[in-house]
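Work through these exercises with the model open beside you. Try each task before you read its solution.

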Amino acid sequence: MKKMLAMLLTGAMVFSLAACGNSSSGNAPAQSGSSSEGSSSTESKPAEEPAGGPVTLNVTTTYAGEDTNAGNYQDAIAAWQEETGNKINDASASSAETFKARVISDFEMGSEPDVLFYFNGVDSNPFVEAGKVVSIDEIREVYPDYAMNMKDGMMGASPVDGKNYSVPVNGYWEGLFVNKSVCEAAGIEIPTADTTWEEFMEICQKVKDAGYTPIAASFAEIPHYWFEFCIYNYLTPATHNILPESVDDEHGKAWVDGISDMKVLYEKGFLPENTLSATDGETFQLFIDGKAAFLIDGSWKVGGIESSTDDIDNFTVTYVPGKNDRKSTDIIGGLSSGWYITRKAWDDPEKQKACVDFISYMTSDEMVSKFASVSATALKNGVQVDESQLSSLAVAGLDMVEGATGMAGAVQDQVTQEARVPVFNGMPDIVTGKADIATAVADLLALVEAGQ
Amino acid sequence: MSSNIYKNKKPVIFFLVPAFAFLAVFLYYPFLQNILNSFRVINNLGSSAKGWNDPWFANYVELFKDANIRTALVNTLKMIAATIVGQLGIAIVLALMVDNIKKGQKFFRTVYFFPIVIAATALGLLFNIVFLYDKGMLNQLREMFGAVKLVDFKDNAHAMLTMMIPVTWQYVGFYFIILITGLNNISDDLYEAATIDGASKWQRVRYISLPLLHNVICTCGVLAVTGALKVFDLPWIMFPKGMPSNSTWLTGTYMYYHAFESHNVDYSSAISVLIVVLGVVTAKIVNAVFKEKDY
């Protein structure tokens, strides 16, 4: 009897394991027999007429979790599926390191999605170098109208070969957020497009003398916004994105001088007293609570400020005052993510047209305007936003971008996380004089040179 | 009634194999792969290696040169000491006191155990507010008592203490429960006999409770020390990236930082090998120090 029971239990276990193993097969994406995984073929052919049935696309994006466009994305794919009869297998996830690792790993294993919305900076280098995504030029050979509503120069060319591989949706800008009540209490004018860096230093001194913290920034955790603008002050929109070859060349000197200015900010006491031990969240709270006057951050912070205050009209955003050849109206901004079509899907006659159709749908003027709202876009016609629906802070952001005389991408996007360590993580030692600025920059460049 | 099922070991092996296979696939294979990875060049999580390091043991040489590793090792040793004294010491005192009361034992068991069920990330955020520089709970209390200058509890001078307090506090209840269960297993007859012989309360604790609790304390000691080697979540929430000025690194947080923040995956693998070696050596030492006795 017991033997029988043991056999039954064993059988049940084996059966359940087998069932578990097969459970995903029902949802497995349709794989085409003609898929040429890892193909480096550059000769493009138009998609053959689909067999007639609906196509299933595997799609991965960062529109998930806390992303403000997660809802818009779900609505959009539901509408596209209904319109076309095609199906989307969505594997979107929040933009975290684990997501990046999963995408890179999928490409390595040959199980990449058909379409993905992903970063276009150094994060995309592994699969661009491997030829696993299709360039815009190649797609246009077959579909000449593809992404023609976008400015080619703003699409976010790959650092690998300078070609466009992705179609961007919404980008970012960085600006100087201002707490108006602190400025009023300190008796100072809010910086404008004409304010110079030297005048800004005088403004900060007045804010400090009035008993407030001039600048809300954590140099321990997030020094990169001030890093960008401080070195930008010694460069121009045309030269900001060129990495120094050595610490002694023109760009290397600009980096050293810019970081020296960050040290001056610290030494003059313009930063929170605990800037070397506070988190970014803590210093942001100083700004919201009316204890700090200025904050450099990105367009994504508009929503953060809106949700953190009951008086959004107390906040505005303006240009970060400039120095030397950089005008104050030269801003940092760009489009750091976009829609890619993978080589695997492109070479699949059943999927090629559906991929192009899907991305065209997701990057139409109407859809991009909906996703972008106040952030930067590459649309030739600009965004169509109803300003009456926006907060005064969001409108100030739009005005700032509209009045910009130049825009450069964040140069940190060209430097890998590992290479950033000597300068970004070493910032507390740099501003306190424990580490030499030129040595830190040289160490960063050495890591860049080593390909890390 | 005898049955062949107990003599025939084949079904037992059959049932053990899945668990072993699971461990082999998800623990032993990744561990061996991790050792291999520590000799390779890997610049992204998920990406394959770009060849071997030059020399192949470069990461292990770097471990000896890296000042942050030294900081992490020293801090981890401090954390072990804080764990033994803070977690285990306080838990023993609390357990002995609660064991001596007749009413309310269940209440105190629940109260002291409660921090264990709260996620470490939530505790990290909670203590961030307690130790906040501007209008944190402690600084507000100090202001109430007349202090005029704010104290930065997260600066270089206070950071380690600020980190150890919540870590210690979180696990006191865990050891308290184990110890009080051990105390409950001691026969009341022994205490009654000692009382009749005129033993004071302290003598009963000294000569009955503590000796009979020795093996339980040893088990708790091993758990506490090995737990201190792995502590990660709460320190990372309160002091990300070794803030301030690389002074709060622990071996766990430093390994995570290199894997997920700086993307130096191969060096992170080398650190994890170091952690395993450290864990094995420490466990041996702890087992020797907290040697269990046969009664």
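**Exercise 1: A serine in a loop**

Start with A:Ser299: setting aside neighbours within four places in sequence, it contacts A:Gly171, A:Tyr172, A:Trp173 and A:Ser375. Keep in mind that this is a predicted model.

Task: Find the loop that holds A:Ser299, and decide whether A:Ser299 is buried or exposed.

Solution. 
- Step 1. Locate the residue. A:Ser299 sits in the loop between strand 7 (292-298) and helix 11 of chain A.
- Step 2. Read its accessibility. The relative accessible area of A:Ser299 is 7%.
- Step 3. Apply the cut-off. Buried means under 20% relative accessible area. A:Ser299 is therefore buried.

**Exercise 2: Chain A in outline**

Task: State how many helices and strands chain A has, and what percentage of its residues is buried.

Solution. 
- Step 1. Count the elements. Chain A has 18 helices and 11 strands.
- Step 2. Turn to burial. Of the 452 residues in chain A, 53% are buried.
- Step 3. Look at sequence separation. Take the contacts in chain A between residues at least 6 apart in sequence; 77% of them join residues at least 24 apart.

**Exercise 3: The largest nonpolar core**

Task: Which residues touch the most other members of the largest nonpolar core?

Solution. 
- Step 1. Identify the residues. The core has 53 residues, and A:Trp226 and A:Phe294 touch the most other members.
- Step 2. Ask which element gives the largest share. Helix 8 (residues 224-232) of chain A does, with 7 residues.
- Step 3. List partners of A:Trp226 beyond four places in sequence. Among them are A:Leu176, A:Trp197, A:Phe200, A:Ile215 and A:Ala217. The list also includes A:Phe219, A:Met262, A:Leu265 and A:Ile296.
- Step 4. In soluble globular proteins, nonpolar side chains tend to be buried together.

**Exercise 4: A covered helix**

Task: How many of the 8 residues in helix 14 (residues 365-372) of chain A are buried?

Solution. 
- Step 1. Count. The number is 6 of 8, and helix 14 of chain A is mostly covered.
- Step 2. Name them. The buried residues are A:Asp365, A:Met367, A:Val368, A:Ser369, A:Phe371 and A:Ala372.
- Step 3. Find the cover. Helix 2 (70-84) and helix 13 (352-362) of chain A are included in what covers these residues.
- Step 4. Step past the end. Just after helix 14 of chain A comes A:Ser373, with a positive phi of about 50 degrees.

**Exercise 5: Backbone details**

Task: Find where A:Asn324 lies and which chain B loop holds B:Lys241. Then examine two peptide bonds in chain B.

Solution. 
- Step 1. Begin with A:Asn324. Its place is the loop between strand 8 (315-318) and strand 9 (330-334) of chain A. A:Asn324 is not a glycine, yet has a positive phi of about 55 degrees. Its relative accessible area is 52%, so A:Asn324 is exposed.
- Step 2. Move to B:Lys241. This residue lies in the loop between helix 12 and helix 13 of chain B. Phi of B:Lys241 is positive, near 55 degrees. With 21% relative accessibility, B:Lys241 is partly exposed.
- Step 3. The peptide bond joining B:Met243 and B:Pro244 is cis, with omega about -5 degrees.
- Step 4. Check the other bond. From B:Asp54 to B:Pro55 the peptide bond is cis, with omega near -5 degrees. B:Pro55 is in the loop between helix 2 and helix 3 (58-65) of chain B.

Notes. Residues are numbered from 1 along each chain as its sequence is written. Chains are lettered from A and ligands numbered from 1 in the order in which they are written. This is a predicted model: local features need pLDDT of at least 70, side-chain atom pairs count only at pLDDT 80 or more; totals for chains, interfaces and linings use all residues. Side-chain values use heavy atoms; hydrogens and water are left out. A nonpolar core is a set of buried Ala, Val, Leu, Ile, Met, Phe, Trp, Tyr and Cys residues joined through side-chain atoms within 4.5 Å. Buried means under 20% relative accessible area, exposed over 50%, partly exposed in between (1.4 Å probe, protein chains only). Helices (H or I, at least four residues) and strands (E, at least two) are DSSP runs, numbered from the N terminus. Contact means heavy atoms within 4.5 Å.
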